[in-house]
Amino acid sequence: MPAPAASAPTPPDPETDRRWMRAALSLARRALGRAAPNPAVGCVLVREGRVIGRGWTMPGGRPHAERVALDQAAALGGAEAARGATAYVTLEPCAHHGRTPPCADALIAAGVARVVAATGDPDPRVNGKGLARLGAAGIAVETGVLRAEAEALNAGFLMRHRAGRPLVTLKMAASLDGRIALASGESRWITGPEARRRTHLMRAEADALMIGSGTLLADDPALDVRLPGLEDASPAAVALDGRLRMPPHGRLARAARARRVLALHGPDAAPEAAAALRALGVETVPVARGADGRLDLRAALGELAERGFNSVLCEGGGALAAALIRQDLADELAWFHAGAALGADARPAVGPLALAGLALAPRFELVSHERLGADVLTRWRRRESAGGDGE
């Protein structure tokens with residue numbers, strides 16, 4: 001039987017709680033792009049105003065942040081180090097047995113006196129059960145500290161559990177007049193090195209990068225991360241490839257031995273093409289076609305959710321961008337603006353939307369605005385609509 005928790009310490013002032021939770025959120029960010037299918041969680045153990053342990057979700061989702069922090073505290077201060085401490089956790093501690101025992105039980109066994117969780121966990125195996133178990137053990141529990149920040153950081157995990165699909169961020173690098181390439185297809189480089197480095201950081205924090213067949217065939221992209229120190233952070237690559245035309249000699253197919261590469265294709269794709277790609281390590285996933293004959297994007301995203309992807313960064317062309325926006329599936333826009341004009345004959349960042357009226361135009365809310373060298377990055381969030389996946 002675990003020893004009972006120490007009596008709860010006097011709660012600190014709200015600003016102290018926020019300070020420690022900000023530290024836990026900073027740790028959680030380190031797990032973005034590496035924790036799926038689990039959320040990216042941070043944990044800070046504080047005793048008598050001093051940090052005695054800290055942790056974040058390890059690659060692949062195990063061990064959890066709480067376990068890492070408790071192990072660190074025990075290694076530095078002995079088995080009783082966490083007794084009477086406060087645990088600041090960015091997400092409700094888990095309450096179910098998976099590959100590891102529940103984190104709620106680990107916190108109880110360690111004798112922590114107080115748990116401050118930023119927000120709850122919508123996973124039906126947890127969803128209030130972790131907090132209830134802590135409270136039943138006599139541990140003081142508080143929630144809601146920096147809730148908005150914590151939910152923004154794990155928006156993909158929350159989206160997957162609440163809407164059955166990953167969070168989709170549509171990334172575009174365009175000219176002042178919204179063009180992504182000349183009529184000839186030339187696009188290197190519209191934006192400068194600072195913007196390109198930021199793109200690679202965004203890639204490192206995503207679970208998957210997604211393109212359409214047009215970009216796949218025209219650019220033969222690597223879809224990897226090329227930042228010093230983050231070379232091992234390249235996420236899975238996903239190609240929406242209806243007719244399964246991914247070339248076996250292309251960069252993505254060759255990369256499948258080292259990281260996950262998925263080709264989502266129509267049910268009518270040639271079986272021999274699928275077999276050739278699978279032999280190289282590519283995961284081939286059949287997806288139904290919509291009424292327009294193209295892959296059903298909602299079904300495609302559902303397949304990615306079933307495979308544990310919380311977030312997807314889309315770097316496709318104008319046709320895919322338009323399809324995602326038209327179907328209310330682009331949750332966020334990351335728009336890099338370059339100080340150049342390419343003209344109406346250049347290729348647009350967003351293809352035709354066929355709007356019957358201005359009132360029907362999809363609307364996004366500005367989240368942030370940042371200068372990167374000679375370019376500007378604006379980030380936008382989808383406005384909720386009656387037919388959307390809003391939380």
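Me: How far apart do the C-alpha centres of domain 1 and domain 2 lie?
Reply: They lie 34 Å apart. This is a predicted model, where local features need pLDDT of at least 70, side-chain atom pairs count only at pLDDT 80 or more, and totals for chains, interfaces and linings use all residues. Residues are numbered from 1 along each chain as its sequence is written, and side-chain values use heavy atoms, with hydrogens and water left out.

Me: Where are the domain bounds?
Reply: Domain 1 is 14-153 and domain 2 is 165-382. Such bounds come from an automatic or database domain assignment.

Me: How much area do domain 1 and domain 2 bury between them?
Reply: About 630 Å², with 37% of it on carbon and sulfur atoms. Buried area here is the accessible area (1.4 Å probe) that two parts lose on being put together, summed over both.

Me: Which residues in domain 1 lose the most area to domain 2?
Reply: Gly33, Arg34 and Ala36, which together make up 58% of what the domain 1 side buries.

Me: And how many residues are in contact?
Reply: Seven from domain 1 and nine from domain 2, contact being heavy atoms within 4.5 Å.

Me: How many salt bridges are there between domain 1 and domain 2?
Reply: Two, counting a side-chain nitrogen of Lys or Arg within 4 Å of a carboxyl oxygen of Asp or Glu. Separately, Arg34 pairs with Asp232 in a salt bridge, with the closest N and O atoms 3.3 Å apart.

Me: New topic. Where is Asn310, and is Asn310 buried or exposed?
Reply: Asn310 is in the loop between α11 (297-306) and β12 (311-314); helices (H or I, at least four residues) and strands (E, at least two) are DSSP runs, numbered from the N terminus. Asn310 counts as buried because its relative accessible area is 5%, where buried means under 20%, exposed over 50% and partly exposed in between (1.4 Å probe, protein chains only).

Me: What does the side chain of Asn310 reach?
Reply: The backbone oxygen of Asn38, at 3.2 Å. Leaving aside neighbours within four places in sequence, the contacts of Asn310 include Ala36, Pro37, Phe157 and Asp207.

Me: Last one, Ser187. Where does Ser187 lie?
Reply: In the loop between β7 (179-181) and α7 (193-204). Ser187 is partly exposed, at 30% relative accessible area, and touches Ile180 and Ala181, not counting residues up to four places away in sequence. The C-alpha atoms of Ser187 and Arg347 are separated by 9.6 Å, though the two are 160 residues apart along the chain.

Technical notes
Polar contact = N/O pair within 3.5 Å; in protein donor to acceptor, adjacent residues only side chain to side chain.
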